Amino acid sequence: MTPKRLPEPQQATCHLPGISDQTPSRARHFTADHLNRWGLQEHTVDMAELITSELATNAIRHGGDGLVTLTLFIPAPLPLLKIAVTDRGRVGGIARPTLPGPDAESGRGLAMVEAVAALLSHKHTIEPPTTTVWAMLRLA
């Protein structure tokens, strides 16, 4: 039996406007473009686009002014994809994923990310003030 080929280490980063409604869409396109070039499976690309979109949306809603940085990283030989979004966030932690009421128009994003990701976490820095939220996605 031939062993499964391990992924090569990969990394890509882009900087997006933190106050634009176009940021989540641009982040999804960046993610799909790179993951397709890296040869990842369609299902993985779809899940990564979902995660990227939710994290970018939260960054522009809650992250303050300034750039949003999206980083995609495969720490080969581990079969994982790390999706990280950094903004000029506020110290205090990210909201824990909870489901809103049935009539709420938003508030489901982190719960969806947590449902599909192997890990969801965050960190803050004080100087400069930033918040990075990342999710780890298992590669099929």
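Arg 37 is exposed, with a relative accessible area of 58% (exposed means over 50%, buried under 20% and partly exposed in between, with a 1.4 Å probe and protein chains only). The model you are looking at is predicted, so local features need pLDDT of at least 70 and side-chain atom pairs count only at pLDDT 80 or more, while totals for chains, interfaces and linings use all residues. Residues are numbered from 1 along each chain as its sequence is written, and side-chain values use heavy atoms, leaving out hydrogens and water.

Let us stay with Arg 37 for a moment. Its partner in a salt bridge is Asp 33, and their closest N and O atoms are 2.4 Å apart (the criterion is a side-chain nitrogen of Lys or Arg within 4 Å of a carboxyl oxygen of Asp or Glu). Asp 33 is partly exposed, at a relative accessible area of 38%. Because the two residues are four apart in helix α1, about one helical turn separates Asp 33 and Arg 37. A search of the whole structure finds one salt bridge.

The two helices described here compare with their expected spans as follows (helices are DSSP runs of H or I with at least four residues, strands are runs of E with at least two, and both are numbered from the N terminus; the expected span is 1.5 Å times one less than the number of residues).

| Helix | Length | First to last C-alpha | Expected span |
|---|---|---|---|
| α1 | 15 residues | 21 Å | 21 Å |
| α2 | 21 residues | 30 Å | 30 Å |

Helix α1 covers residues 23–37. Among its buried residues are Ala 27, Phe 30, His 34 and Leu 35. The buried set of α1 packs against β1 (10–17), α2 (42–62), β2 (67–74) and β3 (80–87) (contact means heavy atoms within 4.5 Å). After α1 comes Gly 39, with a positive phi near 80 degrees.

For α2, the buried residues include Val 45, Ile 51, Glu 54 and Leu 55. Their packing partners are α1, β2, β3, α3 (109–116), β4 and β5. Just after α2, Gly 64 also has a positive phi, of about 80 degrees.

Now to the sheet. Five strands form an open antiparallel sheet in the order β1-β2-β3-β5-β4 (two strands pair if DSSP finds at least two bridges between them). Its edge strands are β1 and β4 (119–125), each pairing on one side only. Neighbouring strands are turned by 15 degrees against each other on average, direction ignored (axes are lines fitted to C-alpha atoms, for helices over the stretch in contact, and angles run from 0 to 180 degrees between N-to-C directions).

Helix α1 lies across β1, β2 and β3, running at about 165 degrees to β1. Helix α2 packs on the sheet as well, touching β1, β2, β3, β4 and β5 (130–138), and its direction makes about 15 degrees with that of β3.

Six of its eight residues are buried, so β2 is largely enclosed by the rest of the structure. Eight bridges join β2 to the antiparallel β1, where Leu 16 stands opposite Val 68 in β2. On its pairing with β3, also antiparallel, there are five bridges. There, Leu 72 stands opposite Ile 83, and Thr 69 has Thr 86 as its bridge partner. β2 and β3 form a hairpin, with five residues between them.
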